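Biologist: Could you walk me through this structure, step by step? I would like to see how each answer is reached.

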Amino acid sequence: MDVHDRMEQPIISLQAAPCPAPTQRARKRARRRKAGCCGRGFAVGQPIGSAGAWRAPCRFRSPFPSQFCARRRSGFVHMEPAEAEFLAEKELVTIVPSFSMDRVHLIGGDLGPFNPGLPVEVPVWLAINLKQRQKCRLIPPEWMDVEKLEEIRDQERKEDTFTPMPSPYYMELTKLLLNYASDNIPKADEIRTLVKDTWDTRMAKLRLSADSFVRQQEAHAKLDNLTLMEINTIGTFLTQALDHMYKLRTNLQPSGSTESQDF
Amino acid sequence: MFVTDCRREFYDVIVSQRVLLLVASDVDALCACKILQALFQCDHVQYTLVPVSGWQELETAFLEHKDQFKYFVFINCGANVDLLEILQPEEDTYFFVCDSHRPINIVNVYNETQIKLLVKQDDDLDVPAYDDIFRDEEDEEEESENESDGSEPSDKRRRFEEEVIERTMKRRQRREWEARRREILFDYEQYEYHGTSSAMVMFDLAWIMSKDLNDMLWWAIVGLTDQWVQDKITQMKYVTDIGILQRHVSRHNHRNEDEENSLSIDCMRIAFEYDLRLALYQHWSLYESLCNTSYTSANLKLWSVQGQKRLQEFLADMGLPLKQVKQKFNSMDMSLKENLREMIEESANKFGMRDLRVQTFSIHFGFKNKFLASDIVYATASLMESIEKEGPETTNFIKALDSLSRGNLDKLHQGLDLAKKQLRAIQQTVASCICTNLVISQGPFLYCSLMEGTPDVKLFSKPISLCLLSKYLLKSFVCSTKNKRCKLLPLIMAAPMDVEQGTVIMVGIPPETESSDKKNFFGRAFEKAADSTNSRTLHNHFDMSNCFRLSSALLRSGAFWFLVLEAEDQML
């Protein structure tokens, strides 16, 4: 365990609206390590000799297999998109029910009394179920509006960094609401296109920043305003790729304790 | 008894119960079943679905399930026989019957407790009055009581004479009444026809409960179109029902005109079309469709060389190059497709085909998917009767049921391919029958029998395909023959059903006239003939007038025909 604590590793700190626990741990570790680390990350890719491998300035080696290393080192837990959607379904949305029912007490909270024609806020999972059973009409959230989304998209295109999104689950909510309740949402096709444009811009920025992170051999990166779905999309790949690169680099270090073969 | 308020007397009763759905094997029943299933899913009603293709299966299913269920719903089966007698249910079992077969059995009409008919009252039902059919048993008891009254001996003889006179008069009245009853029943039950489609009845129920969706409306349209494709209803009734559905369509689909608030492209839209009656033409090439639709092929007489020439003339008259017409419809030039309908109608009028366009609806969702109602009918019917045996017998039914949902487009396309094969097979069989003069005139009717070695004969061992084949054959024969008398004759068609068991399936089609009321008398004729010859026939199909099974040996013997002729003479 000692070896790992002293190891210098590139830390990716992603600051998102709801902070998932793993990255918090990663940040804590980073703060601890900054005191005694060499501050070097990876070398920029230049093939050396015939091997064509990365030159790694640090002399750390890991006895553990790489996948396990990725999880341990980055502390990043990969989530399926379905899991992110599941978490998104807890968000509240307004519906207009066509039935009446008294208040329901569930473990996660109360579901308010339902009266026909009166709007009430319910979690998305219930709204979708009621909609499929033709018992309600969905009202799109405020941000799901063509002008607002156009503004957001243009803002995103102008800025170099990530702008705050109207909802931490904007992608999942768009997909759910447009799949099941597109007849309640005006101009559904345009909304879909606008959200997709915003998503594409943000993913492009994410890729660009990951690329520059690697090239400039940074040890620490901080990205604000990322949503869970975007983190999941790039998270595993980035951390595993960096781990691989790290392994390759460390294995090329001329270390005193190992003897290289004579050619 | 007839149900007046569908919602209170039917739906509210079963919404808290477990229900058994017995669904017949035709497209109209499938659509009605889909609508009812959607309603059940909204309200979490527990149900079991049992597809039945004949009376035997119905009885078996009932016997299997009668201990577990108290509420049974029959879709497109059960109205034209005495259900209580056949099924012998318990006292607390309730039957809900939603059937388009007519005439409705009088026991079903007048039973107050157990049988509820979900039928629209304004259908021309002509049910005989209660008093004409049923006589109270109490009248007879009174008679016998009077007889046993004691009285004084002096008046006894006079009273005795009076009583004798009374009794004979009563008996005579009773005999007259019974004779009249037999006549009324005979008139009522001799012709079989079809009423409003069950899918439309179910859609009405959904509408009354304000739970109707575009999807359900589409299924109601497909159910109605199925009745038209299979020639079960008159043209007038079809047009009236289309008018009713058109109101619902505009109610659900008016948002499409408004540019501001138009719906997403993925939402389903239904549109009214005055479109060509060519089968599957948008999923096929125009040429193939012209060759394989009965209307055009019969009028142009496409089984003969001259007919082929006429077809070429027809296409030339419209200005459509052969190369364009023979490729897939979607790849035809846009300039040709723009005014296609009007052009075809004009040319068709010149060639004697005045009804080439028909009022129908089309559905449209996503960017690629556009279907006419008749396309769906052909696809679903051929899926349901496909002869590939994979898995248990109900797989075909379930596949056909699934293909009606919008999410199962691959099954629908499979159905379209099977339908194309079926239509081609029908046309080839019709052409060969007419060219080889297989249609024989047997006096009061025409007769045609398919030999076992005929190509694609296995396709015609199922009732719906065989009926389609027979109808097309009759139409083509009427166009091909010069004998004026033969044009007015009905047709009896026989095809091998199961080669190993040596059974044959037979169908009777009423004569082809301009204004036929689609009433079929063959059911009774076949039954009578079967009874008289004591032959082993199986009237299994719900359409009594059509298919029934008999052994091929019986067919070859002359006795059967003789009796059918006799029975028919009695009818006409």
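**Salt bridges and contacts**

Modeller: Happy to, and keep in mind that this is a predicted model.

Biologist: What do B:Glu178 and B:Arg174 form, and how far apart are the closest N and O atoms?

Modeller: An α-helix has 3.6 residues a turn, so residues three or four places apart point the same way. B:Glu178 is partly exposed, at 30% relative accessible area, and B:Arg174 is partly exposed too, at 27%. The two form a salt bridge, and their closest N and O atoms are 3.2 Å apart.

Biologist: Is B:Asp212, which meets B:Arg251 in a salt bridge, buried or exposed?

Modeller: The N to O distance of that salt bridge is 2.7 Å. The pair links distant parts of the chain, 39 residues apart, with B:Asp212 in the loop between helix H9 (198-208) and helix H10 (214-229) of chain B and B:Arg251 in helix H11 (residues 235-253). B:Arg251 is partly exposed at 36%. Buried means under 20% relative accessible area, and B:Asp212 has 10%, so the residue is buried.

Biologist: How many residues apart in sequence are the parts tied together by B:Glu273 and B:Lys370?

Modeller: These two residues form a salt bridge, with the closest N and O atoms 3.6 Å apart. B:Glu273 lies in strand S8 (residues 269-276) and B:Lys370 in strand S10 (residues 369-372) of chain B, so the pair ties together parts whose separation in sequence is 97 residues.

Biologist: Is helix H21 (residues 463-480) of chain B enclosed by the rest of the structure, or exposed?

Modeller: Its 18 residues should span 26 Å at 1.5 Å a residue, and the end C-alpha atoms are 25 Å apart, which agrees. Of those 18 residues, 15 are buried, so H21(B) is largely enclosed.

Biologist: Which residues of chain B and chain A meet in a salt bridge?

Modeller: Start with the contact: 16 residues of chain B touch ten residues of chain A. The area buried between the two chains is about 980 Å², and carbon and sulfur atoms give 42% of it. Across this interface the rule finds one salt bridge. Its partners, 3.2 Å apart from N to O, are B:Asp43 and A:Lys135.

Biologist: Which helix gives the largest share of the side of chain B that touches chain A?

Modeller: By class, that side has six nonpolar, four polar and six charged residues. The largest share is three residues, and they come from helix H2 (residues 27-43) of chain B.

Note on methods:
Residues are numbered from 1 along each chain as its sequence is written. Chains are lettered from A and ligands numbered from 1 in the order in which they are written. This is a predicted model: local features need pLDDT of at least 70, side-chain atom pairs count only at pLDDT 80 or more; totals for chains, interfaces and linings use all residues. Side-chain values use heavy atoms; hydrogens and water are left out. Contact means heavy atoms within 4.5 Å. Buried area is the accessible area (1.4 Å probe) that two parts lose on being put together, summed over both. A salt bridge is a side-chain nitrogen of Lys or Arg within 4 Å of a carboxyl oxygen of Asp or Glu. Helices (H or I, at least four residues) and strands (E, at least two) are DSSP runs, numbered from the N terminus. Ala, Val, Leu, Ile, Met, Phe, Trp, Tyr, Cys and Pro count as nonpolar, Asp, Glu, Lys and Arg as charged, and the others, Gly among them, as polar. The expected span of a helix is 1.5 Å times one less than its number of residues. Buried means under 20% relative accessible area, exposed over 50%, partly exposed in between (1.4 Å probe, protein chains only).
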